[in-house]
Amino acid sequence: MKIICIAGARPNFMKIAPIMEAFHSHSGIEPLLVHTGQHYDEKMSNLFFRELGIPEPDINLEVGSGSHAVQTAEIMRAFEPVCIEHAPNYVLVVGDVNSTIACGLVAVKLGIKLIHVEAGLRSGDRRMPEEINRLLTDSISDLLFCTERSGVENLRREGVAAERVHLVGNVMIDTLLKNREKAERSTILADMGLEAGGYATMTLHRPSNVDNPKRLSNILDAIDHIQRDLPIVFPIHPRTRKNVSAFSFEDRVKSMKNLHVVEPIGYLDFLKLNASAKLVLTDSGGLQEETTILKVPCITIRENTERPVTCDIGSNQLVGTSTDAILGAYERIASNQFDQAGIPGLWDGKAASRIASILIDVDAQTMSVTKP
Ligand code: UD1
């Protein structure tokens with residue numbers, strides 16, 4: 001069974017790592033790794049391949065940045081000949097980035113079966129580019145692997161046949177659990193002069209937050225208050241750095257003495273930083289899940305989440321983007337007992353191997369049906 005696996009942007013890399021490992025250890029599966037090149041900087045891409053032991057991509061499409069239409073179209077143009085040349089049985093895509101839908105579309109139009117890992121998540125907000133990518137990818141996928149029960153429910157409501165949907169757990173958590181001990185050995189806290197429990201980490205890169213000057217300004221007001229109390233480590237995304245400069249917020253950011261703005265950080269150092277933080281502020285999807293496992297309180301600076309289980313049983317607070325709401329959540333963390341938060345079912349480090357076993361089974365059934 002030949003499977004082309006797609007990785008394009010940073011959050012894809014921690015998802016594809018355990019899948020490649022599981023596929024390599026199943027003799028029935030021949031994986032081929034394609035990097036679309038959506039993310040290409042050393043610190044947004046190569047570092048993750050090295051740290052997570054992801055094999056060198058067999059093919060790099062090197063598409064780079066562009067508007068959504070240009071980026072998606074370029075990936076499609078570059079990926080189609082790869083599919084034609086290698087004629088895989090399946091194309092496997094993860095997550096919700098432009099590379100996910102672009103490669104998915106190419107596959108199905110060539111009659112190649114599509115597998116979506118992290119299927120069914122819905123924020124309900126169609127202004128998010130990722131929500132469009134999720135809806136479209138799921139609607140054309142043949143096999144859909146879900147991380148949480150809400151994903152299974154969403155797909156059922158959308159009319160996806162139950163036999164195509166499998167609740168397998170979370171491949172991103174496979175990576176976290178595998179690397180937790182290694183991350184413990186990171187010296188990042190000492191290097192940055194931080195003490196465990198004595199700082200927060202923050203990530204901010206959603207276009208809805210950082211492309212809008214008013215919203216970014218409100219968030220910065222909240223950050224300003226919090227950093228007076230607690231140092232904040234802020235590995236800044238290239239999109240956010242550009243906008244801080246474009247909106248002339250640089251002096252404001254520089255004036256926050258306890259806000260440590262740093263370049264994007266590698267996986268192991270960032271895992272160590274998050275695991276030892278008093279709290280995490282974020283608008284990322286993956287970090288809501290990682291803090292759930294780490295049992296570190298998370299303030300999600302968004303109006304909605306496609307990962308509701310992190311709020312229902314985890315340590316995540318979904319607060320929106322107003323200054324007061326962010327500060328209110330910050331105040332609550334001091335009094336709340338987040339140790340009580342639970343861990344979603346099947347987030348146990350074995351999701352990728354479940355996916356591999358299901359694929360072997362499905363393939364065996366297909367073969368027995370198609371044999372004369
Ligand atoms: C993409 C994903 C988003 C994910 C995020 C993680 C889509 C629609 N969005 O958003 O879901 O959460 O990745 O980072 O696919 N840039 C660099 N170096 C790089 C890559 C990008 O400098 O290696 C800069 C470029 O100026 C680029 C901008 O960042 O224009 C945005 O990159 P892009 O891949 O378009 O989207 P992200 O905002 O990273």
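1. A disulfide is a pair of cysteine sulfur atoms within 2.5 Å. By this rule, the structure has zero disulfides. The model is predicted, with local features needing pLDDT of at least 70 and side-chain atom pairs counting only at pLDDT 80 or more, while totals for chains, interfaces and linings use all residues. Residues are numbered from 1 along each chain as its sequence is written, and side-chain values use heavy atoms, leaving out hydrogens and water.

2. Cys5 is buried, at 0% relative accessibility (buried means under 20% relative accessible area, exposed over 50%, partly exposed in between; 1.4 Å probe, protein chains only).

3. Cys311 has its closest cysteine sulfur in Cys298. The distance is 8.3 Å, too far for a bond. Cys311 is partly exposed, with a relative accessible area of 27%.

4. Now the helix pair. Helix α3 (residues 68-86) packs against helix α4 (residues 98-109) at about 45 degrees, with the axes 8 Å apart. Helices are DSSP runs (H or I, at least four residues), numbered from the N terminus. Axes are lines fitted to C-alpha atoms over the stretch in contact, and angles run from 0 to 180 degrees between N-to-C directions.

5. Which residues make the contact? Contact means heavy atoms within 4.5 Å. From α3 they include His68, Ile75, Phe79 and Cys83. From α4 they include Asn98, Ala102, Cys103 and Val106.

Definitions and conventions:
Helices (H or I, at least four residues) and strands (E, at least two) are DSSP runs, numbered from the N terminus.
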